[in-house]
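Please read them with the structure open beside the text.

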Amino acid sequence: MMEDKIFSGKFYYFGTFQDLFVYVKNGVITDVRKFEKSVKTERIEGAILPGFFDAHVHFRDPGETDKEDFYTGSMSSVFGGTTTVLDMPNNIIPIRDYNQFDRKKAVVKGRSFTDYGLFSLYDGTNGDVISKESIGLKIFMGESTNSTAFTGDYEHDQFLEKYSRPVVFHGESAECLRKNSAREVKTLIDHDLSRPSSCEMEALRTISKLKTSVKIAAHISDYGNAQSFPEKFFMEVTPHHILLNEEMQLGAYGKVNPPLREKAVMEKTREAYLDGKFDLLSSDHAPHLEKDKESIQFGKSGIIGVETRVPLMLALVHKKILSLDTLLKTGASRPAELFGIKKGKIEKGYSADFVSVNFSDMEKLNENRLHSKLTISPFNGFDVVFPRNVFVRGEKVISNREIIEDCLGNMITPQVA
């Protein structure tokens, strides 16, 4: 049992910053009050926001812990203001049955700074062996890192039709990718052409027809595709698809699936995000070794981003480019809501996850100060605002940008969410 706590400070509460007293018991907010006399509190300095929620990370653990593991990945998360992550199942041995799920669950237990959920991979044949503790399903509609592509009949899949948890789709059509796979890839533009936007469009068309209750189209790279299917699925976007494009000199560190697109497409996708058209902002954090990024042609796809996702957006908020409400909706409250988790808001009954920020702390990103095992970032030199303090379920984990607590993170399952 955690001791009762009372926090005071300037909290973002129902759309405005207010001086409040927030009562916490066992890591959950029990009350929010405006005025208290003679009450001993723990004062939090700065602008206080709810902890952020990243619904799409690849921590590579177990199997490829030379690239990342739950300890380093979750540490990166909290330094970036993210207090909850959902980890994808395309480990080197994919998490496609309850035995592999239980193995992964045991390996990562006690090694996370953040709360976390674990996905299972669905390939169209393994519905009867999916762990009931899975936070959701991931379907790769086309080939990507360590993935087993879906081989079933989407429109007549009874397991998918009845599944009540969220299903996240890597939205690139397998047939379309095969048609374009012979292209030689020596530049990021070539990579774009080898996995063209039309492959995303074909996949989204399929997703739009499915009867699955909660459908999330992951990492949409071209909003022009998504706008053809209004309210047919929930839409996720990443910082790299709204801030980076194929014309930038990023080398293999800009190689990702789906690819970075041309500048005009990036700008249209960014405007759609700024206008509130997307439901989730996720990092799709996907680390690799330096040797895996030596060339674009043979380099593996994936960009690190769990530590930079929120700081990049906070800088846009400070510049008045992005509204704070849009950031909090897509980066905290909406993803938590879709997965049935009481996080992402400073309200009674929600997890006491807090992030405090001084917006005047804006600086240029120095990739050498990041905490992933591979710190080379395509966002190096971008404006960022890192949080000063981070709390997970009422426990301070980051204090004045220094880590002060070890792994307090708990696994979240559908049964306890």
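1. I begin with Pro258, which sits in the loop between α8 (239–243) and α9 (263–274). The peptide bond leading from Asn257 into Pro258 is cis, its omega being near -10 degrees. Since this is a predicted model, the geometry described in this note is that of a prediction.

2. Another cis peptide bond runs from Asp61 to Pro62, with omega near 5 degrees. Pro62 belongs to the loop between β5 and α1, and Arg60 is found in that loop between β5 and α1 as well. Arg60 is not a glycine, yet its phi is positive, at about 65 degrees. With a relative accessible area of 4%, Arg60 is buried, because residues under 20% are placed in that class.

3. Phe59 should be read together with these residues, as it too is found in the loop between β5 and α1 (70–79). Its relative accessibility is 0%, so Phe59 counts as buried. Setting aside residues up to four places away in sequence, Phe59 touches Glu68, Asp69, Phe70, Gly73, Ser74, Ser77, Val85, Asp87, His285 and Val306. As for Thr72, it is 13 residues from Phe59 in sequence, while the two C-alpha atoms are 8.5 Å apart in space.

4. Which residue does the side chain of Asp54 meet in a polar contact? The partner is Ser283, whose side chain makes this contact with the side chain of Asp54 at 2.6 Å. Asp54 lies in strand β5 (residues 52–57) and is buried, with a relative accessible area of 0%. Beyond its neighbours within four places in sequence, Asp54 is in contact with Thr82, Thr84, Val85, Leu86, Ser282, Ser283, Val306 and Arg309.

5. Phi of Asp284 is near 50 degrees, which is a positive value in a residue other than glycine. Asp284 is found in the loop between β13 (280–281) and α10, and its relative accessible area of 5% makes it buried.

6. Helix α10 (residues 309–318) is mostly covered, with 9 of its 10 residues buried. The buried residues of α10 are Arg309, Val310, Pro311, Leu312, Met313, Leu314, Ala315, Leu316 and Val317. Just after α10, Lys320 takes a positive phi of about 65 degrees.

7. How many disulfides does a search of the whole structure find? There is 1, and it joins Cys176 to Cys199 with an S to S distance of 2.1 Å. Because Cys176 lies in helix α4 (residues 174–180) and Cys199 in helix α6 (residues 197–209), the pair ties together parts that are 23 residues apart in sequence. The torsion about the S-S bond is about -75 degrees, so this disulfide is left-handed. Both Cys176 and Cys199 are buried. Another cysteine, Cys407, also counts as buried, because its relative accessibility is 18%.

8. On the overall division of the chain, the domain assignment gives domain 1 (5–48 + 348–403) and domain 2 (51–339). The C-alpha centres of the two domains lie 26 Å apart, and 37 residues of domain 1 are in contact with 41 residues of domain 2. About 3,400 Å² is buried between domain 1 and domain 2, and carbon and sulfur atoms give 71% of that area. In domain 1, His371, Lys373 and Phe379 lose the most area to domain 2, together accounting for 21% of what that side buries.

9. Finally, a remark on annotation: an unreviewed UniProt entry lists residues 48–92 and 263–396 for "domain: Amidohydrolase-related". Residues 48–92 are 22% helix and 33% strand, and the end C-alpha atoms of that span lie 39 Å apart. For residues 263–396, the end C-alpha atoms lie 40 Å apart, and the span is 28% helix and 12% strand.

Key. Residues are numbered from 1 along each chain as its sequence is written. This is a predicted model: local features need pLDDT of at least 70, side-chain atom pairs count only at pLDDT 80 or more; totals for chains, interfaces and linings use all residues. Side-chain values use heavy atoms; hydrogens and water are left out. UniProt positions are given in the numbering used here, feature names are shortened, and annotations may be inferred rather than shown by experiment. Helices (H or I, at least four residues) and strands (E, at least two) are DSSP runs, numbered from the N terminus. A disulfide is a pair of cysteine sulfur atoms within 2.5 Å. Buried means under 20% relative accessible area, exposed over 50%, partly exposed in between (1.4 Å probe, protein chains only). A polar contact is a pair of N or O atoms within 3.5 Å; within protein, one must be able to donate a hydrogen and the other to accept it, and residues adjacent in sequence count only if both atoms are side-chain atoms. Contact means heavy atoms within 4.5 Å. Domain bounds come from an automatic or database domain assignment. Buried area is the accessible area (1.4 Å probe) that two parts lose on being put together, summed over both.
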